[in-house]
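Student: I am new to this structure and would like a close look at a single part of it. Could you take me through that part slowly?

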Amino acid sequence: EKIAKEKARLIKEGKIKKQKPLPEISEDEKPFELPAGWEWVRFGQGIESMTNGIYKPDKFYANEGVMCLRMYNINKGVINFEHVKWMIVDSKEITQYSLNSGDLLINRVNSRELVGKSAVVPKLLEPVIFESKNIRVRLLPGGIFPQYANIFLQTKEVRAVFEGDAKQTCGQASISQPQISGLAIPIPPLAEQHRIIAKVGELMAICDALKARLNEAQTTQIQLADAMSNRRLRKEKQVVVIH
């Protein structure tokens with residue numbers, strides 16, 4: 001009701017366009033029962049706007065201009081600014097394709113295994129736009145937190161939907177705005193969304209620490225094996241010399 005009220009206000013003020021009603025969620029689309037206070041909704045009900053990114057020929061990519069996020073800059077649920085490129089654009093294009101902190105960036109064209117990967121745009125220190133193989137999703141305030149939506153988009157249930165429904169053309173798969181809007185998402189109260197975001201952050205930090213320890217252990221094991229191998233070689237050389 002809060003989301004619907006906020007959307008009605010924005011439509012009345014002319015800030016967003018009125019959208020077609022989304023279909024009711026069937027029981028088959030609900031993989032599990034929700035706790036009290038939660039609600040199944042179409043993802044599109046909580047979206048203020050969705051926009052595909054800008055397309056320009058290669059000649060507009062340069063070492064100057066405006067930073068442009070491509071599909072390669074979305075990795076494991078976060079924005080990766082390594083190997084970022086800049087694009088020559090005008091002020092109108094900057095306004096149309098600019099990213100704000102808290103926007104969701106969803107990859108719409110990729111391999112079937114990677115299409116639909118997403119990330120939340122962090123705090124930006126300069127204007128940043130996004131390319132045509134990504135979709136910018138701007139959520140209505142006070143309904144769904146971007147970080148919660150990003151967690152949802154990485155679940156195995158959503159991955160199965162994207163991989164199953166993606167259109168395959170010339171070795172690449174694609175998803176559309178209506179497919180994203182039609183996803184059935186379980187929405188908890190805002191306080192519960194906060195707790196879920198915090199808990200997932202804790203668990204991811206633990207996973208990262210475990211991965212780091214495993215990498216250290218593997219490095220130590222390799223170094224130990226190399227040391228033992230070098231020691232064996234030195235002994236063999238000594239035996240040959242004495243002989």
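Student: Leaving aside its neighbours within four places in sequence, which residues is Lys 7 in contact with?

Tutor: This is a predicted model, in which local features need pLDDT of at least 70 and side-chain atom pairs count only at pLDDT 80 or more, while totals for chains, interfaces and linings use all residues. Residues are numbered from 1 along each chain as its sequence is written, and side-chain values use heavy atoms, with hydrogens and water left out.

Lys 7 belongs to helix 1, residues 2-12 (helices are DSSP runs of H or I with at least four residues, strands runs of E with at least two, both numbered from the N terminus). With those sequence neighbours set aside, Lys 7 is in contact with Ile 16, Gln 19, Gly 44, Gln 45, Ile 47 and Leu 140, where contact means heavy atoms within 4.5 Å. For one of these, Gln 45, the backbone oxygen lies 3.3 Å from a polar atom of the Lys 7 side chain.

Lys 7 is buried yet has no salt bridge, and Glu 48, the nearest side chain of opposite charge, is 9.4 Å away. Here buried means under 20% relative accessible area with a 1.4 Å probe, protein chains only; Lys and Arg count as positive, Asp and Glu as negative, with His and the chain ends not counted; and a salt bridge puts a side-chain nitrogen of Lys or Arg within 4 Å of a carboxyl oxygen of Asp or Glu.

Another contact, Ile 47, stands opposite Leu 139 in strand 12. Strand 2 and strand 12 (residues 134-139) pair in the antiparallel sense over five bridges, pairing being counted if DSSP finds at least two bridges between two strands.

Terms used
Buried means under 20% relative accessible area, exposed over 50%, partly exposed in between (1.4 Å probe, protein chains only). A polar contact is a pair of N or O atoms within 3.5 Å; within protein, one must be able to donate a hydrogen and the other to accept it, and residues adjacent in sequence count only if both atoms are side-chain atoms.
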